[in-house]
Amino acid sequence: MEAVLWLCCRKLLAHQPRALTQHTRCLSSCAGSALKSSPARSVGTSPLLVSRLFQPSTLREVQELGMEGRAGEIPCKSQRLMLQAGLIHPSNPGCYYYLPATVRAMEKLVRLIDQEMQGIGGQKLDMPSLCAAELWRRSERWDLMGKELFRLRDRHGAEYCLGPTHEEAVTELLASQGTLSYRQLPLLLYQVTRKFRDEPKPRFGLLRGREFYMKDMYSFDTSEEAAHLTYQAVCQAYARLFARLGLRCVQVQADTGNIGGKLSHEFQLPAEIGEDRLLICGNCTFSANVETVEPGKTDCPQCHKGTLAESKGIEVGHTFYLGTKYSHIFNAFYHNDQNKPVLAEMGCFGLGVTRILAAAIEVFSTEDAVRWPGLLAPYQVCVLPPKKGSKTEELAGLAEELCHSLGTSVPRLKGEVVLDDRTQLTIGKRFKDAGRLGYPYVIVVGKSAAEEQPRFEVCCQQSGETLFLSREGLMDLLSEVETV
Ligand SMILES: [Zn+2]
C-alpha cells in the first residue's frame, strides 16, 4: 500500500501483528479516521508527507540554483541556505518567491508580532500600497526620497508611489476622523504589509530586497511626555519579541534620516554580513550607529571610561519619536479636556519582518544547515520511517501512526509534524536532509523501535542531543515544545 494513505493501526494489525503489540493504546484514538479518504489522494489527511511538500526534497547544490548560483559562491549564508533549502526562489533583482515553508515561518513571526503589539494596545489595520503623490508632496518626501521611491501613473495620469512607509497615509487617516478625543489616546495603529524600495543594489537575499514585508506602527499621544512613554513601551515590546526569538539584539541610538523627528533608535543584530557599523562601549550600555558619533571618537560619551569597539549589525527594527512633524502638515488634531484641538504627538516604529527571518537564519545556522529560532521553524517535528525493503520495514505503519497520534495527543503540534515518506532512501540520507532543513525534532523509527520495549531515537537540533525515548517519554518531551 502506498504511504500516501495514512494507515490505521487496526488495519495494519491484521497484516503485521508483531510491530504493534506494544501499541494497543492507539486503537481507540485513531480507529478508522483517515481511511475514509480515497487511497489515491492524501489531500487533507494527516500526516504531512515530505514527498508532497513544495520544497526540494534534498538540498540543491549552489551550481543548480540558476541565475544567482552561476555567479559563483554566494557569500551571504542566509541567502545561500534559503535558496538551497527551497525556502525562497529568485524572480527579479531584490524580489523573491517566498515558498510555503517560508510563509509558514513568516506567519508564525507575524503572530508573535501581533501578540507583542496588541499587548501594548496596538490595533491592526491595513493601508493601501498605492499612495497618492499628493500626500507625499505635502510632506516634501516626494522629492526627498529621490530614486528610492517606486513611482507610477494610473490611466488618468494621476501619480502614485508604492509605499515604502506610511507616515503620510496614517496621519491623513487620523486627520480625516476629525473628532478624536484625548480619551482615545494613546492610539497605536499598525500593519504588516509589503513595502517597496528601489534599492540601488539589492543583495543578500531577504536582507536587502526591493519588495519585502514590514511591520510599521504609528502612535498618537496627547503630549511629549506621553509620547515618550509610548516610545519606551514599544522599545520594551521589541526587546521581548527578540528575546522570545532568542536573538541578541542591541538597541543603538540612530540617525533620524529622511523620516525626520527628534529621537531614534535602531535594533541591530550583530552579524558579520551586516551593513551597519555600530560602536559599542565595553564598560557601559552605550551603543550607537557610527553615523551618530563624531568621526574618530573612541572614548565613550556616556561613561567616559570605556572605549568604543566597532561591530557590524543587521538593522531589524527602527523607532522614531516624530513630535508634530506630520500631524502639523496634515492637521491631525485631538480634542483636549477643554475640547480645544491640539496637534497629536507622534512616533513610528518599524520591524523588518522578512529581514528578521533571514537575519535569524544568518546568525543561527551553520555553514550548511538551516537553523531557526524554535518558535519560527516551519515544522517542529520530522518522523523518519525505515527504508523500504529493510529488515524493519514493517515499522512504517508505526511511524505513520506516531505522526497522527502526536498531532492529536499534543494539540499544539497539530499541523507541525511531517513524515519523510521517501522510503526509497536510507534513513541516514533522510536524517542528513532533515538536519540541513532544520526541523527542531527529528524522530527515527528504526531498529530500536522494533525491540520489546520500543524506543524512538530523537535528535534535538537546538541542543544537539540524541535521546532514546519510550512513547510516553517522547510525548512528554514534545508536549513541552512551544509553538505560536
Ligand atoms: Zn560607556
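Predicted model: local features only at pLDDT ≥ 70, side-chain atom pairs only at ≥ 80, totals over all residues.

Me: Let's begin with strands. How many bridges pair S6 with S7, and in which sense?

Reply: S6 and strand S7 (residues 159-162) are joined by four bridges, in the antiparallel sense. Two strands pair if DSSP finds at least two bridges between them. Helices (H or I, at least four residues) and strands (E, at least two) are DSSP runs, numbered from the N terminus.

Me: Which strands does S8 pair with?

Reply: One is strand S4 (residues 123-124), which runs parallel to strand S8 (residues 187-196) and is joined to S8 by two bridges. Gln123 is the residue opposite Leu189 of S8. S8 also pairs with strand S9 (residues 211-221), this time in the antiparallel sense and over ten bridges. In that pairing, Thr193 has Met214 of S9 as its bridge partner.

Me: What sits in the loops on either side of S8?

Reply: Pro186 is in the loop between helix H9 (167-177) and S8. A cis peptide bond, with omega about 0 degrees, links Leu185 to Pro186. In the loop between S8 and S9 you'll find Phe204. Its phi is near 60 degrees, a positive value in a residue other than glycine.

Me: Is Phe204 buried or exposed?

Reply: The idea is to count neighbours: a residue is buried if 20 or more other C-beta atoms lie within 10 Å of its own, exposed if 12 or fewer, and partly exposed in between, with C-beta atoms placed from the backbone. Phe204 has 23 other C-beta atoms within 10 Å, so Phe204 is buried. Compare Asn331, another non-glycine residue with a positive phi, about 55 degrees. Asn331 is in the loop between helix H11 (325-330) and strand S15 (333-335). Asn331 is partly exposed because 14 other C-beta atoms lie within 10 Å.

Me: What about the chain as a whole?

Reply: There are 484 residues, and 42% of them count as buried. The chain has 15 helices and 22 strands.

Me: Which residues touch the most other members of the largest nonpolar core?

Reply: A nonpolar core is a set of buried Ala, Val, Leu, Ile, Met, Phe, Trp, Tyr and Cys residues joined through C-beta atoms within 7 Å. The largest one here has 105 residues, and Ala360, Val381, Val383 and Val445 touch the most other members. Helix H12 (residues 353-364) supplies the largest share, nine residues. Another core, also of nine residues, lies apart from it and includes Val252, Leu278, Cys281 and Cys300.

Me: What is Ala360 in contact with, beyond four places in sequence?

Reply: Two residues are in contact if their C-beta atoms, placed from the backbone, lie within 7 Å. Leaving aside neighbours within four places, the contacts of Ala360 are Leu245, Leu247, Trp372, Pro373 and Leu376.

Me: And how do I describe two helices that pack together?

Reply: You give the angle between their axes and the distance between the axes. Axes are lines fitted to C-alpha atoms, for helices over the stretch in contact, and angles run from 0 to 180 degrees between N-to-C directions. Helix H5 (residues 77-84) packs with H12 at about 100 degrees, the axes being 8 Å apart. H5 and H12 are therefore roughly perpendicular (angles under 35 degrees count as roughly parallel, over 145 as roughly antiparallel, 65 to 115 as roughly perpendicular and the rest as oblique). Lys77, Ser78, Leu81 and Met82 of H5 make the contact with Ala358, Ile361 and Glu362 of H12.

Key:
Residues numbered from 1 in each chain as written.
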